[in-house]
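Welcome! Take a moment to look over the sequence and the 3D view, and then let's walk through them together.

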Amino acid sequence: MLTCELQDHLLIRFEGRMDTARCTEIAEEVRTAVTAPSGPVVFDLQQVDFVASAFLRLCIYAYQQAGSRGFQIVHAGPSIKRVFKIAGLDAMFKCE
Amino acid sequence: MGRMLTLSIADRIAELPHLAAAVDEFLERARVGREAIDTVQLALDELIANQILWGQDRGEHPIQVQTAVEPTRVRVTIESEGQPFDPTSLPPPDVLRRPEDRREGGLGVYLVQTLVDELSYAHRDGRNLLEFKVAKRQIRLCPPETVLLLVDVVRDYTLASGERLLPYARAMAQQTAVLKERAARAQVPVVYLNQSTNRWKPSFSRQVHACLTGDDRGAAIVRRLEPAPDDIFMLRDGSESLPESLQRLWSKLRTKALIVAGLADSICALIATNDTFFAHELELLAPCDCLATDGPRSRKQVIEQIGAYVQADFRPSTRLAFQGEV
């Protein structure tokens, strides 16, 4: 996981399998990171090939923490998007 | 010939990646497709994590996982000791709720139920047994002459039996809405077949409007499934018979396959009273994630009821593909 704080927003790039074990490892770090910034929060999933519900829960947390600052997911592949759609969370995607 | 992999892991989350790697390698060698492997992996991860996090006596009981590659599908059983814990009895999470109002729980099992072909639970001799099946060839391609039929989705969901139905209907609405968007892109006609709420002055648009302005928990369902201008609506009175106009529409559209979604009870009754019609030269698909029951009745019961009258494909909507999607 790479966190890049840009001038006006927080960008977090995830990589590989975001399964329960991996999400459990990084949960604290992600939760702290998304609580701190003042601008919008962006999750980049270009390098992610698998998401479990634990990752969706992290996204819900980030979305709620970001509130009016805004939260969005970018560069998710079709199989990842499908999981978010089933969960009714497709509002998190950037309109591309 | 079938092939099998049996593994035993300690009930700790940190063990899951090792299991995933072994199962991945085994299924790849058995030439199972990537999409099916991903579905198996997601189901394993969610179901075992659930067992570890919510089961009792953590850290003491190994979990046995058996993965079998059969001619048409992958069958996985997960066996662990401990108190009975049936994840299939949990109500679905509220997937119609906006992300800002979401609670975090219940998503994992719901994802599994929506993605695998079959999920079942049993508790025998002090052991929890979970079994799921995933078809090797995951996608079923619908013929061009397919119609999507939505049964009794426009209604007041807070009436008597509606309260129990609500959480299941909300989940049905989300999956059916996604399926409907896909159908629209593939130019598959969508037909609403709905019980009329006004016997003397039936009007579908008034009925939609009335349901949209009611209690919001129910209105959200109708809003998610709100008819588009091109959709076809048909109202019927109390009887379960198919309107003649709908039968004419069928032959006019030369329908070869019919996907039914909506209220499970209405669909069961409709099929039971019109079984010759539904069985006649028509492929029937009833995606189980798009059927709403009025309680934690398992998919299995609904499938058995409908299956008693006609042959149908009950695999979840994620397993269907319209023309142009693959």
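## Where the two chains meet

In this predicted model, 26 residues of chain A are in contact with 31 residues of chain B. The area buried between chain A and chain B is about 2,300 Å², and carbon and sulfur atoms give 59% of that area. The model scores ipTM 0.92 and pTM 0.88.

**Links across the interface**

- Two salt bridges are counted between chain A and chain B.
- One salt bridge joins Glu35(B) to Arg82(A), and their closest N and O atoms are 2.9 Å apart.

**The side of chain A that touches chain B**

- The elements giving two or more residues to this side are α1 (20-35), β3 (41-51), α2 (53-66) and α3 (78-86) of chain A.
- With seven residues, α2(A) gives the most to this side.
- Sorted by class, this side of chain A has 14 nonpolar, five polar and seven charged residues.

- Look for Thr20(A) in helix α1 of chain A.
- Is Thr20(A) buried or exposed? Its relative accessibility is 4%, so Thr20(A) counts as buried, the cut-off being under 20%.
- Leaving aside residues up to four places away in sequence, Thr20(A) touches Ala52(A) and Ala54(A) in its own chain, and Ile13(B), Leu16(B), Asp45(B) and Ala49(B) in chain B.

**An enclosed helix in chain B**

- How many of the nine residues of helix α3 (residues 107-115) of chain B are buried? Nine of the nine are, so this helix is largely enclosed by the rest of the structure.
- The buried residues of α3(B) include Leu107(B), Gly108(B), Tyr110(B), Gln113(B) and Leu115(B).

**Two loop residues with positive phi**

- Asp125(B) has a phi near 50 degrees, a positive value in a residue other than glycine.
- You can find Asp125(B) in the loop between β4 (118-124) and β5 (127-135) of chain B, where this residue is exposed, with a relative accessible area of 78%.
- Asp152(B) has a phi near 55 degrees, again a positive value in a residue other than glycine.
- The loop that holds Asp152(B) runs between β7 (146-151) and α4 (162-185) of chain B.
- Whereas Asp125(B) is exposed, Asp152(B) is buried, with a relative accessible area of 6%.

**Confidence in chain B**

- Chain B has a mean pLDDT of 87, and 93% of its residues reach 70 or more.

Notes. Residues numbered from 1 in each chain as written. Chains lettered and ligands numbered in written order. Predicted model: local features only at pLDDT ≥ 70, side-chain atom pairs only at ≥ 80, totals over all residues. Heavy atoms only, no water. Contact = heavy atoms within 4.5 Å. Buried area = accessible area lost by both parts, 1.4 Å probe. Salt bridge = Lys/Arg side-chain N within 4 Å of Asp/Glu carboxyl O. Helix = DSSP H or I, 4+ residues; strand = E, 2+ residues; numbered from the N terminus. Nonpolar A, V, L, I, M, F, W, Y, C, P; charged D, E, K, R; others polar. Buried < 20%, exposed > 50% of the residue type's maximum accessible area, 1.4 Å probe, protein only. pLDDT = per-residue confidence, 0-100.
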